[in-house]
Amino acid sequence: MKPIAYVGIDIQFARLSDEDRRRGLTFLYLYDLPYADLRAYSGLIITNLVEEKFLLEQKVLLNQYLQQGGVIFSLTETSLPWLTGVPNWERSPIPLKDREIIIKEPIHPLFSGIDAYDINYRKGVRGFFSRGYFDNIPLNAEVLVTDQSGAVIIYVDNDSTNGTIFAGAGTDIYRVFIDEDNTSSKLSLQMLTCIREEYARNKAKGGQLQ
């Protein structure tokens, strides 16, 4: 099984634990992207701890990976067009304490078995999931999560490239709930499972993965 790369800058909050490595994650230093063979990875998780200007310089490389059937899960508050079709991040006008996270029906496998209450509240406090949203997402994208106003927080796009793009509006959903004692703790593992399933599906469709 190919690893999934967790892409970020090398600071404490981006470092992986032994458990992460057992799950098949490997750290890929952002500035090593131009020298990496991305075909070695079944997916890339691009965190918020990145320099978007540098990612924009690597746009051709990222597009090539997607055209080969790769999977990119972006958690970045995007402000530059480095990832196909992903619009700029917008800050929600709804205060965090009042913002409600809604898992859309039909529930995507990413959120299967997760109680929306458990991602709305963390230790009784609301507002950890996302501060923002995306406007004008790609036409055929599947919306996975919104707020109560209908603003899109997470979507998946299987149409714009030969690969798959998951875009989340700004929260590292791999890490934020990983140690919770409720259904939200499933999210990190289900995220990795979804990436691997998309990789396999894209490969079956004829993506030039090797």
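Where is the place of K123 in the chain? K123 sits in the loop between β7 (121-122) and β8 (125-126); helices (H or I, at least four residues) and strands (E, at least two) are DSSP runs, numbered from the N terminus.

The structure is a predicted model, in which local features need pLDDT of at least 70 and side-chain atom pairs count only at pLDDT 80 or more, while totals for chains, interfaces and linings use all residues. Residues are numbered from 1 along each chain as its sequence is written, and side-chain values use heavy atoms, with hydrogens and water left out.

**Stop 1: the whole chain**

Display the chain as a cartoon. It has 5 helices and 12 strands. Its radius of gyration (taken over C-alpha atoms) is 16 Å, close to the 17 Å that the globule rule gives for 210 residues, so the chain is as compact as a globular protein of that length. That rule is 2.2 Å times the number of residues to the power 0.38. Along the principal axes, the C-alpha atoms fill a box of roughly 45 × 40 × 35 Å.

Switch to a surface. The accessible surface comes to about 9,800 Å², of which 49% belongs to carbon and sulfur atoms; areas come from the Shrake-Rupley method with a 1.4 Å probe, and for residues only the protein chains shown count as cover. Of the 210 residues, 51% count as buried, where buried means under 20% relative accessible area, exposed over 50%, and partly exposed in between (1.4 Å probe, protein chains only).

**Stop 2: the nonpolar core**

Select L38, L44, I45, F73, F111 and F129. These residues have the most contacts inside the largest nonpolar core, which has 60 residues. Such a core is a set of buried Ala, Val, Leu, Ile, Met, Phe, Trp, Tyr and Cys residues joined through side-chain atoms within 4.5 Å. Helix α5 (residues 186-205) gives the most to this core, with 6 residues.

Centre the view on F73. Leaving aside residues up to four places away in sequence, F73 touches L44, I45, I46, L110, F166, I173, M191 and I195; contact means heavy atoms within 4.5 Å.

**Stop 3: the loop between β6 and α4**

Select E105 and P106. A cis peptide bond joins E105 and P106, with omega about -10°, and P106 has its place in the loop between β6 and α4.

H108 lies in the loop between β6 (101-103) and α4 (116-120). Is H108 buried or exposed? H108 counts as buried because its relative accessibility is 11%. Not counting residues up to four places away in sequence, its contacts are E142, L144, V156, F166 and C194.

**Stop 4: positive phi values**

Return to K123. Phi of K123 is near 50°, a positive value in a residue other than glycine, and K123 is exposed, with a relative accessible area of 68%.

Next select N136, in the loop between β9 (132-134) and β10 (142-147). N136 is not a glycine, yet has a positive phi of about 55°. With a relative accessible area of 66%, N136 is exposed.

**Stop 5: I137**

I137 is found in the loop between β9 and β10. Apart from residues up to four places away in sequence, I137 touches P87, V143, V152 and Y155. To finish, draw a distance from I137 to D179: their C-alpha atoms are separated by 31 Å, and the two residues are 42 residues apart along the chain.
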